[in-house]
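Hi,

Here's the structure I promised to pass along. Have a look at it first, and then read on for my notes.

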Amino acid sequence: MTLYNPEHTKKYYNEYADKETERWNTSIVEQVKLYIHNHYLKKHIAPGDKVLELGAGTGIFTEPLSEVSGTLVVTDLSPVQLEINRSRAHKLGYSDQVDSWELADICDLSQFEEESFDKIVCYGGPLSYVFDKRDEALSEIRRVLRPNGTALLSVMNLWGTVDQVLEPILQTVSEDDNSKIIASGNLHPSSHAVSDHHCHLFRAESLRETFQNNAFEIITLSASNCLATKRADALEVLEQDPEKWQHFLNLEIQACVSPGMVESGTHMIAVIKRTESTS
Ligand SMILES: C[S@@+](CC[C@H](N)C(=O)[O-])C[C@H]1O[C@@H](n2cnc3c(N)ncnc32)[C@H](O)[C@@H]1O
């Protein structure tokens, strides 16, 4: 039986509504995560690209994508998230750069023709929400991506998340329940996780395997933050000096791709390229 329950995820995000936009502004550490996600967008999305954004949420990445893409199709599973995305684009004045807003589940992109996009952006964990359906999702992403096309994804990361919330875990989750969560990577009632936020937390190794099994070459695997994870106060001071701040951000980009650091932070970012063989 599959753990994926699109109705649960949809309801969760319908109720989460605009908190999604606020999430990135909650701390300087979140700002660093945003910088790193945007760094890869800037590096890989070329002017004029035909781009499909999956799980776009309220549009924190729709805005920068609208500035470069030739064609931009914005999708999400949640009608509430999609509507907020659309009204935010109108309010901030980039709605003309978006070709359409469409409801879509990453496991079923049948409304799109094969090989119809140069780039796909799937940031913020949609692949984590589909649990055991990840191969279906990647097969759909592969189908609608043109040959040699690139996809950028971010997923929830197991050990970086444990590191971030270790004290509450130790205080509120029993050792037995926690072992089930760690072994499966699943924040889900089947592994006795009590939160309403059901998702799979990846290890770097299983993420690499998932891409390789679905005929994707990994161009970059990066933590979404690493040096920044436990230094909020020091970063607030550093940010006041633009030169030192940029120096820090450059170091952070390098540290995040170091193989020993890739599981730091709450998310991993992957840039993957469609290869031509599924064998
Ligand atoms: C954490 S939010 C990320 C939003 C945005 N991409 C960002 O990074 O800020 C996850 C989004 O993925 C959407 N989502 C979850 N499962 C999905 C699925 N199977 N197909 C498409 N979207 C999905 C949710 O509705 C939500 O808007």
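Below is what turned up, going from the sheet to a helix pair and then to the ligand.

One thing to keep in mind: this is a predicted model.

Start with the sheet. It is open, has 7 strands in the order β3-β2-β1-β4-β5-β9-β8, and its pairing is mixed. β3 (100-103) and β8 (216-223) sit at the edges with a single partner strand each, so one side of each has no neighbour in the sheet. From one strand to the next, the twist averages 15 degrees. At the β8 end, β8 runs antiparallel to β9 (residues 267-274), and 7 bridges join them. If you want a spot to look at there, find Leu 221, which stands opposite Ala 270 in β9.

Helix α3 packs on this sheet, touching β4 (117-122), β5 (145-156), β8 and β9, and its direction makes about 10 degrees with that of β9.

α3 (residues 28-44) also meets helix α13 (residues 242-257): their axes come within 11 Å and cross at roughly 70 degrees. On the α3 side you'll find Val 32, Tyr 35, Ile 36 and His 39, and they meet Leu 249, Glu 252, Ile 253 and Cys 256 in α13. By class, that contact has 6 nonpolar residues, 1 polar and 1 charged.

Now the ligand. There are 23 residues around it, and Tyr 13, Gly 55, Gly 57, Leu 77 and Gly 124 come nearest. The shell divides into 13 nonpolar, 7 polar and 3 charged residues.

Cheers

Conventions:
Residues are numbered from 1 along each chain as its sequence is written. This is a predicted model: local features need pLDDT of at least 70, side-chain atom pairs count only at pLDDT 80 or more; totals for chains, interfaces and linings use all residues. Axes are lines fitted to C-alpha atoms, for helices over the stretch in contact, and angles run from 0 to 180 degrees between N-to-C directions. Helices (H or I, at least four residues) and strands (E, at least two) are DSSP runs, numbered from the N terminus. Two residues are in contact if their C-beta atoms, placed from the backbone, lie within 7 Å. Ala, Val, Leu, Ile, Met, Phe, Trp, Tyr, Cys and Pro count as nonpolar, Asp, Glu, Lys and Arg as charged, and the others, Gly among them, as polar. A residue is near a molecule or strand if its C-beta atom, placed from the backbone, lies within 6 Å of it. Two strands pair if DSSP finds at least two bridges between them.
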